[in-house]
Amino acid sequence: MIRRQRLAAGVCALLAALTAGLAFPAGAVADETDDKAAPKVELVLDVSGSMRARDIDGGSRMAAAKQAFNEVLDATPEEVQLGIRTLGANYRGNDRKTGCKDTAQLYPVSTLDRTEAKTAVATLTPTGWTPIGPALLKAAGDLDGGAGTRRIVLISDGEDTCQPLDPCEVAREIAAKGIGLTIDTLGLVPDAKTREQLSCIADATGGTYTDVRHKEELSDRVGQLVDRAADPVVTPVATEGAQQCASAPSLKSGLYTDREEFGQQRWYKVDVDPGQELRASVSVADDRATNPDYGVLLRAVTVHGREIVRGEAAGNGRTDVISTGLRYPKQESDDDTATAETVCLQVTNSYSATAGVKTTPGMPLELTVDVVDGPDKASDVASFGLGRGWWLLGVLVLIGFVAGLLWGWLSRWRVAVWRTN
């Protein structure tokens with residue numbers, strides 16, 4: 001009986017090993033060396049006296065920031081070099097000139113020692129002034145030199161108190177240097193003036209601004225921005241769509257930016273060879289007050305005006321960006337002399353401005369174009385959405401069936417032995 005049990009167990013173990021080998025083939029992960037420059041991020045934290053306010057989930061703004069930093073430090077990718085700079089953390093006096101110099105690097109931009117960085121953050125206490133402009137200048141210096149992604153994440157709960165050094169002008173100066181440094185800003189329970197200033201700083205460098213009123217929002221957003229620094233950098237190319245396809249710019253695979261006025265349409269052209277597939281997507285952002293109930297339409301048409309495929313999306317005012325996309329596979333041709341087909345992409349929006357809102361310049365538009373090789377043969381087309389993996393599913397189903405039979409036979413045999421005994 002023991003021999004039979006061992007035999008059945010061995011067969012099941014063999015089937016399990018075979019299944020694991022098929023599902024996770026060896027060599028799936030290669031040991032590759034990344035020669036790219038390490039992305040750098042510096043978190044700039046406002047530690048001014050106003051951070052003592054207790055209006056974020058029942059706790060102080062400082063406590064929420066410390067919790068967010070601890071969670072972000074735990075989740076920071078290994079390849080990211082991270083630093084921390086403070087503003088208003090050390091000087092407690094009333095001298096404005098001294099207070100506006102109060103910015104220091106709490107942790108240098110380097111390979112992250114999580115314990116050391118957390119210990120440094122734990123010592124912070126809301127103290128003094130809000131010298132945002134000087135802190136941004138110093139942070140830009142901390143990240144200066146070398147290649148790779150560079151990003152400043154500024155977290156503040158109030159306006160800069162060190163005018164006339166306008167932090168928005170400082171951000172514009174940083175952008176004008178052409179060093180590819182992005183500043184993202186987060187406002188903790190901000191008022192209108194704080195929101196306006198932080199938005200201006202972010203806009204000047206192509207960054208983002210986010211309102212934060214809860215601890216989870218702060219942790220999630222800072223983590224997203226740190227992770228974004230590790231993503232491959234794709235620089236959008238500015239283009240200008242036409243009013244009709246005939247005069248539209250011809251685009252290759254890439255990321256493009258344009259502006260589209262309310263209710264306007266823009267045209268672009270893409271060449272697609274036989275056997276290739278066109279994938280396109282568009283996002284339109286309402287960067288000003290608009291009426292609810294709007295939509296965006298992306299159409300692929302021939303040069304003669306026949307619609308090939310379309311993608312469309314609608315919104316109701318709850319989001320500030322709306323996106324849609326489409327795919328168009330161009331069939332292979334038996335004719336060796338077959339040429340590329342020109343596909344016209346039309347982008348149309350149905351936004352409308354609220355009373356008193358300027359309609360120019362147009363709203364920001366981002367268009368992604370990707371022309372890739374299509375399936376080689378009809379047999380390569382997905383079978384039940386599995387593509388070439390259908391045979392693997394078949395093998396796994398067969399193995400599962402055989403294993404089930406063996407297990408059932410083993411169970412019945414053990415029950416029979418138990419009854420006999």
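This is a tour of one predicted model, stop by stop, with what to select at each.

Residues are numbered from 1 along each chain as its sequence is written, and side-chain values use heavy atoms, with hydrogens and water left out. In this predicted model, local features need pLDDT of at least 70 and side-chain atom pairs count only at pLDDT 80 or more, while totals for chains, interfaces and linings use all residues.

**Whole chain.** Show the cartoon first. The chain has nine helices and 16 strands; helices (H or I, at least four residues) and strands (E, at least two) are DSSP runs, numbered from the N terminus. Of the 421 residues, 39% are buried. Buried means under 20% relative accessible area, exposed over 50%, and partly exposed in between (1.4 Å probe, protein chains only).

**The largest core.** Select L43, L45, I155, L186, L218, V222 and V226. Of the 32 residues in the largest nonpolar core, these touch the most other members. A nonpolar core is a set of buried Ala, Val, Leu, Ile, Met, Phe, Trp, Tyr and Cys residues joined through side-chain atoms within 4.5 Å. Elements that each supply at least two residues of this core include β1 (40–46), β4 (150–156) and α8 (215–230). The largest share, seven residues, comes from α2. Apart from this core lies another of 25 residues, among them L251, A300, V343 and L367.

**Helix α8.** Now select residues 215–230. Their end C-alpha atoms are 24 Å apart, which agrees with the 22 Å that 16 residues should span at 1.5 Å a residue; the expected span is 1.5 Å times one less than the number of residues. Buried residues in α8 include L218, V222 and V226. The buried residues of this helix pack against β1, α2, β2, β4, β5 and β6 (209–212). Zoom in on V222: leaving out residues up to four places away in sequence, V222 touches L43, V72, I155 and L186. Contact here means heavy atoms within 4.5 Å.

**Salt bridges.** Side chains of opposite charge can pair when their charged atoms come close. The whole structure holds 16 salt bridges, each a side-chain nitrogen of Lys or Arg within 4 Å of a carboxyl oxygen of Asp or Glu.

- Select R85 and E42, whose side chains meet in a salt bridge (3.9 Å, N to O). This pair joins strand β2 to strand β1, 43 residues apart. R85 is buried at a relative accessible area of 6%, and E42 is buried at 0%.
- Select D211 and R195, bridged at 3.1 Å, N to O. D211 lies in strand β6 and R195 in helix α7, 16 residues apart. D211 is partly exposed at 30% relative accessibility, as is R195 at 29%.
- Select R299, E307, R310 and E312, which are linked in a network of salt bridges. Within it, the closest N and O atoms of R310 and E307 are 2.9 Å apart.

**Two loop residues.** Go to V189, in the loop between β5 and α7 (192–204). V189 is not a glycine, yet has a positive phi of about 45 degrees. D293, in the loop between β11 (276–285) and β12 (294–301), is not a glycine either and has a positive phi of about 65 degrees. D293 is exposed, with a relative accessible area of 61%.

**Surface patch.** Finish with L398, F401, V402 and L405, which make a nonpolar surface patch of about 400 Å². Patches are made of residues with over 30% relative accessible area and no salt bridge; like charges are joined within 9 Å, and nonpolar side chains (Val, Leu, Ile, Met, Phe, Trp, Tyr) within 5 Å. Accessible areas come from the Shrake-Rupley method with a 1.4 Å probe, and for residues only the protein chains shown count as cover. F401 sits in helix α9 (residues 390–420) and counts as exposed at 53% relative accessibility.
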